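Please keep the sequence and the structure in view while reading the points below.

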Amino acid sequence: MAKEPKTLSERIVARVRRHDGGKREVDRHLENNVPIANAILFPLLIEDVRRGKTCTLRLRGNSMRPFLESDRDLAIFTTPEGVKVGDPVLAEIEEGHYVLHRIRKIEGDNVTLMGDGNLHCEYCKTSDFRCGVIGFIRKSRLRVDRTDGLKWRAYSWFWVKFTFMRRWLLLAYRYGWLNLFKLKAYPPLKQETIDRLVAKYGQKKKQP
């Protein structure tokens with residue numbers, strides 16, 4: 001009997017192998033850095049979080065710019081308990097369509113989401129929340145930017161307060177800042193280091 005894959009990465013490999021039909025396709029995904037489809041990746045992440053695990057995942061896409069960058073930063077996912085306006089959340093806004101965006105408004109069960117790098121809102125129900133986020137590991141630093149920390153709260157206040165200027169700020173970031181200061185390639189942290197960071201900084205804030 002085949003051994004049941006235990007870790008998220010092992011289960012992703014097994015799922016890709018089953019989905020795409022063999023080791024050659026797995027190697028294409030993993031060795032050549034071909035992105036794994038969200039339809040494969042996120043259900044496994046959500047399943048682990050529902051089991052009570054705290055999981056990390058490297059971000060992909062530019063919807064949370066300028067604070068978070070694709071293929072550079074990692075998010076720390078946990079259960080979406082106690083999420084509130086201003087918090088980032090992983091939501092399934094349509095079947096199989098997942099977004100990691102900030103909560104802009106909650107009215108009863110109706111939720112308005114908006115990615116920091118986006119100009120338009122998306123909508124879902126509170127029942128569509130799949131994971132909460134308790135922090136980010138940015139630029140391979142040996143610390144976690146927690147979503148309940150002063151740095152994240154200050155950034156969130158500014159970015160939400162000046163939403164009316166977002167289009168111009170994002171244009172300035174993309175065509176000005178990134179042209180002057182190219183995104184630096186940071187060596188990826190080892191999984192053992194990530195696990196230690198999560199264990200040290202990434203636990204949920206205990207309620208008094």
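Residues 24 or more positions apart account for 56% of the contacts in the protein with a separation of 6 or more, where contact means heavy atoms within 4.5 Å. The model is predicted, so local features need pLDDT of at least 70 and side-chain atom pairs count only at pLDDT 80 or more, whereas totals for chains, interfaces and linings use all residues. Residues are numbered from 1 along each chain as its sequence is written, and side-chain values use heavy atoms, with hydrogens and water left out.

**Overall architecture**

- The protein has six helices and eight strands; helices (H or I, at least four residues) and strands (E, at least two) are DSSP runs, numbered from the N terminus.
- From the N terminus on, the order of elements is α-α-α-β-β-β-β-β-β-β-β-α-α-α.
- Of the 208 residues in the protein, 42% are buried; buried means under 20% relative accessible area, exposed over 50%, and partly exposed in between (1.4 Å probe, protein chains only).
- The protein exposes about 12,900 Å², of which carbon and sulfur atoms supply 54%; accessible areas come from the Shrake-Rupley method with a 1.4 Å probe, and for residues only the protein chains shown count as cover.

**Nonpolar cores**

- In soluble globular proteins, nonpolar side chains tend to be buried together.
- A nonpolar core is a set of buried Ala, Val, Leu, Ile, Met, Phe, Trp, Tyr and Cys residues joined through side-chain atoms within 4.5 Å.
- The largest nonpolar core has 23 residues, and Leu45, Phe77 and Leu90 touch the most other members.
- At least two residues of this core come from each of helix H3 (38-50), strand E1 (55-58), strand E2 (74-78), strand E4 (97-107), strand E7 (129-137) and helix H4 (150-161).
- H3 contributes the most to this core, namely five residues.
- Another core, of 10 residues, lies apart from it and includes Ala91, Val99, Ile103 and Cys124.

- E4 and E5 pair in the antiparallel sense over five bridges; two strands pair if DSSP finds at least two bridges between them.
- These two strands form a hairpin with two residues between them, and Gly108 in the turn has a positive phi of about 65°.
- E5 also pairs with strand E6 (residues 122-125), in the antiparallel sense and over four bridges.
- Val111 in E5 is the bridge partner of Ile106, and Cys124 in E6 is the bridge partner of Val111.
- Four of the five residues of strand E5 (residues 110-114) are buried, so this strand is largely enclosed by the rest of the structure.

- Arg130 is found in strand E7 and, at 16% relative accessibility, counts as buried.
- Not counting residues up to four places away in sequence, Arg130 touches Ile46, Arg50, Pro80, Leu90, Ala91, Glu92 and Tyr98.
- Arg130 and Tyr98 are 32 residues apart in sequence and 8.9 Å apart in space, C-alpha to C-alpha.
- Ile40 is found in helix H3 and counts as buried at 6% relative accessibility.

**A surface patch**

- Trp168, Leu171 and Tyr175 form a nonpolar patch on the surface, with about 370 Å² of accessible area together.
- Patches are made of residues with over 30% relative accessible area and no salt bridge, with like charges joined within 9 Å and nonpolar side chains (Val, Leu, Ile, Met, Phe, Trp, Tyr) within 5 Å; a salt bridge is a side-chain nitrogen of Lys or Arg within 4 Å of a carboxyl oxygen of Asp or Glu.
- Leu171 is found in helix H5 (residues 166-180) and is partly exposed, with a relative accessible area of 37%.
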